[in-house]
Amino acid sequence: MCRPSKPAQGSIGPPKKAPPVATFEASPALGPFVRLAIIGCGNMGSAVVRGLLDAGWTTRGEIIATHPDPDRANEISQRLGIEATTNNAKAAKGAEIILLGIKPQLIKRALQDLRGQLKPNQLVISIAAGISTRFIETYLPDSPIVRSMPNLPVTIAAGATAISAGSNASANHLASAEEIFRAVGIVEVIPEYLMDAVTGLSGTGPMYVFHFLEAMADAGVRMGLPRDVATRLSTQTIRGAAKLAELSELHPAALKDQVTSPGGTAIAALHVLRREAFSAIVMDAVAEATKRSAELGD
Ligand SMILES: NC(=O)c1ccc[n+]([C@@H]2O[C@H](COP(=O)([O-])OP(=O)(O)OC[C@H]3O[C@@H](n4cnc5c(N)ncnc54)[C@H](OP(=O)(O)O)[C@@H]3O)[C@@H](O)[C@H]2O)c1
């Protein structure tokens, strides 16, 4: 059962469809009913909403999203079947949890909208790359802030998210944020100084995998396979290998040794990857993304 939700003033398009039955049991940290405001509902905000709805963590009636443009707010409302408004402060007002889903470059504006509008018991969760809890606290000094770095697979409940607490956030606040992101994948609690590294690794990570997938499929096509066959085989290979690594107690290097027989195909391919410094290229890419995350917060 979910608490009946009240539409915020100035809101657009109340949910059209009946909400799904919630199967998720909220932890004592959150209590059974949580109203969620998504301030900035683009790619990641929408991904979190979809993930939470599919996981049965919440219902459409408990979520409100914002966009400064009325037409875009309406589009978000239609697309996700949730309430949407142009007014950040009003959306945040009735929410227990406020998720900041805005680009780092634009977050100041939204924080200005929220300044002086929040109660100390409202939890603010930011997903903005590079933006520190200390920066957010300059606008919201009394609010508990949790900084998070999810990644795109939260949309299919296969996300990898790291979280860290700001100075006003208690263990319970951290547990609430953890609960949200655990509904859509795995969660690691980390000290905040490591957040840029997480952004470079798992936050940016789906791009590395998509790029590698494209390269594998191209390689198959180059060797004569039809594109669709090469793409399906490559996708399933990445999925299967990741699943095996997840379920196995072996180190990835030991798994690699298992498929590398003497004088075989794998060792021939590995020779090329080692010669071309594949590992160093990946390490450099992650380092560059980590550096960029830190720059975004400057
Ligand atoms: N994409 C990823 O894989 C990923 C992963 C982890 C974390 N993140 C973080 O997630 C955040 C959002 O990224 P994204 O890729 O989802 O960006 P996005 O698609 O641009 O979504 C942000 C949304 O917020 C809207 N917006 C801008 N100013 C606003 C305001 N003042 N009030 C309310 N809404 C406003 C934007 O509208 P306009 O389009 O009109 O500007 C857009 O719809 C970023 O901080 C990013 O660092 C992203």
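Start with the largest nonpolar core: it has 59 residues, and Ala37, Ile39, Leu99 and Leu100 touch the most other members. A nonpolar core here is a set of buried Ala, Val, Leu, Ile, Met, Phe, Trp, Tyr and Cys residues joined through C-beta atoms within 7 Å. Buried means 20 or more other C-beta atoms within 10 Å of the residue's own, exposed means 12 or fewer, and partly exposed is in between, with C-beta atoms placed from the backbone. Helix α1 supplies the largest share of this core, 6 residues. In soluble globular proteins, nonpolar side chains tend to be buried together.

Some housekeeping before you go on. This is a predicted model, where local features need pLDDT of at least 70 and side-chain atom pairs count only at pLDDT 80 or more, while totals for chains, interfaces and linings use all residues. Residues are numbered from 1 along each chain as its sequence is written.

Now zoom in on Ile39. Skipping neighbours within four places in sequence, its contacts include Thr66, Asn88, Ala91, Leu99 and Ala110; a contact means C-beta atoms, placed from the backbone, within 7 Å.

Next, select strand β3, residues 63–66. Helices (H or I, at least four residues) and strands (E, at least two) are DSSP runs, numbered from the N terminus. Ile63 and Ala65 point one way from β3, Ile64 and Thr66 the other way, and all are buried. Look for Leu36, whose bridge partner in β3 is Ile63. From β2 the chain runs through helix α1 (residues 43–54) to β3, a β-α-β crossover that is right-handed. Right-handed means that, with the strands pointing away from the viewer, the path from the first strand over the helix to the second runs clockwise.

Then bring in β4 (residues 83–85), paired with β3 in the parallel sense over 3 bridges. Here Thr66 has Thr85 in β4 as its bridge partner. The chain gets from β3 to β4 through helix α2 (residues 70–80), and this β-α-β crossover is right-handed.

What sits around the ligand? Select its shell of 25 residues, where the closest are Gly40, Gly42, Met44, Ala128 and Ala129; the cut-off is a C-beta atom, placed from the backbone, within 6 Å. The elements giving two or more residues to that shell are α1 and α4 (107–114), and α1 gives the most, with 3 residues. Colour the shell by type and you get 13 nonpolar, 10 polar and 2 charged residues.

Jump to Val198 in helix α7 (residues 195–203). Why does Val198 count as buried? Because 25 other C-beta atoms lie within 10 Å. Beyond four places in sequence, Val198 touches Met149, Ala162, Ile190 and Gly203.

Most residues other than glycine have a negative phi. Ala157, in the loop between β7 (145–149) and β8 (159–165), has a positive phi near 55 degrees. Ala277, in the loop between α11 (265–275) and α12 (278–297), has a positive phi near 60 degrees.

Note on methods
Pairing = 2+ DSSP bridges. Nonpolar A, V, L, I, M, F, W, Y, C, P; charged D, E, K, R; others polar. Contact = placed C-beta atoms within 7 Å.
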